[in-house]
Amino acid sequence: NKDVLFIDASNDFTKEKNFQTEMDYIVNEYSINSGYRRQKVNLSEIDCKDINSMTKAVRKELGIQYQFSLSALRDLSSKNNKPSLFAVIKENEVVDIVDPEDQLYGLAIDIGTTTVAIALINLETGELEGNESCLNSQRAYGADVISRIQYTSDGNMETLTKSIGRD
């Protein structure tokens, strides 16, 4: 999956660089390129009642025959009174339609054996907007991954799933 970045950021690396968490290490040491971009689309000269002409207008404005996700088509039809919008593009697909003031954010989540870390990242700039961490409550069911796997093999998968969901 191109949207997921796996990095082995062990404590040796984070201590050496004086980062407080592995997430700080990842965000500060790696250039984050989400692959998402947005491009302005002028819709002022089309019949906004016709979704077919709206998709044609967006394709014409973008200059390339992009595919549209179902979500983007829904968004496009609900924004039929806007003179201009932004198409959010990932590779060859329009994945979202947003207003000019909307920002694009992503979450990076690191579920470690002892700690859960989450970072809010601006997908356009790659900048870290904020991060938080907490103790992984699954540690109550085993100190390591093997212990937790054994715990789930006894039919306790839902318990572990709910536990991490609360974190």
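Start with β2 and β4, which pair in the parallel sense over two bridges. Two strands count as paired if DSSP finds at least two bridges between them. Strands here are DSSP runs of E with at least two residues, and helices are runs of H or I with at least four residues, both numbered from the N terminus. In general, strands of a sheet pair through backbone hydrogen bonds, either parallel or antiparallel.

Before going on, note that this is a predicted model, in which local features need pLDDT of at least 70 and side-chain atom pairs count only at pLDDT 80 or more, while totals for chains, interfaces and linings use all residues. Residues are numbered from 1 along each chain as its sequence is written, and side-chain values use heavy atoms, with hydrogens and water left out.

Select Phe68 and find Val94, its bridge partner in β4. Now show the open sheet of four strands, in the order β1-β3-β4-β2, with mixed pairing. At its edges are β1 (36-42) and β2 (67-68), each of which pairs on one side only.

**The whole chain.** Zoom out to see five helices and seven strands. Of the 167 residues, 31% are buried, where buried means under 20% relative accessible area, exposed means over 50%, and partly exposed lies in between (1.4 Å probe, protein chains only).

**The cores.** Which residues touch the most other members of the largest nonpolar core? Select Leu43, Val58, Leu62, Leu76, Ala87, Val94 and Ile97, out of 15 residues in that core. The elements that give two or more residues to this core are α3 (51-62), α4 (70-78), β3 (84-90) and β4 (93-98). The largest share, four residues, comes from α3. Another core, of five residues, lies apart from this one and includes Phe86, Val88, Val98 and Leu104. A nonpolar core is a set of buried Ala, Val, Leu, Ile, Met, Phe, Trp, Tyr and Cys residues joined through side-chain atoms within 4.5 Å.

Move on to β6 (115-122) and β7 (128-135). These two strands pair in the antiparallel sense over seven bridges. Select Ile121, whose bridge partner in β7 is Leu128. The two strands form a hairpin with five residues between them, and Gly126 in the turn has a positive phi of about 80°. Thr125 is also in the loop between β6 and β7. Is Thr125 buried or partly exposed? Thr125 counts as partly exposed because its relative accessibility is 47%. Draw a line between the C-alpha atoms of Thr125 and Ser34: 9.2 Å, for residues 91 apart along the chain.

**Asn136.** Finish in the loop between β7 and α5 (145-166), where Asn136 lies. Asn136 has 0% relative accessibility and therefore counts as buried. A polar atom of the Asn136 side chain lies 2.8 Å from the backbone nitrogen of Gln138. Leaving aside neighbours within four places in sequence, Asn136 is in contact (heavy atoms within 4.5 Å) with residues including Ile111, Thr115, Arg148, Ile164 and Asp167.

Conventions
A polar contact is a pair of N or O atoms within 3.5 Å; within protein, one must be able to donate a hydrogen and the other to accept it, and residues adjacent in sequence count only if both atoms are side-chain atoms.
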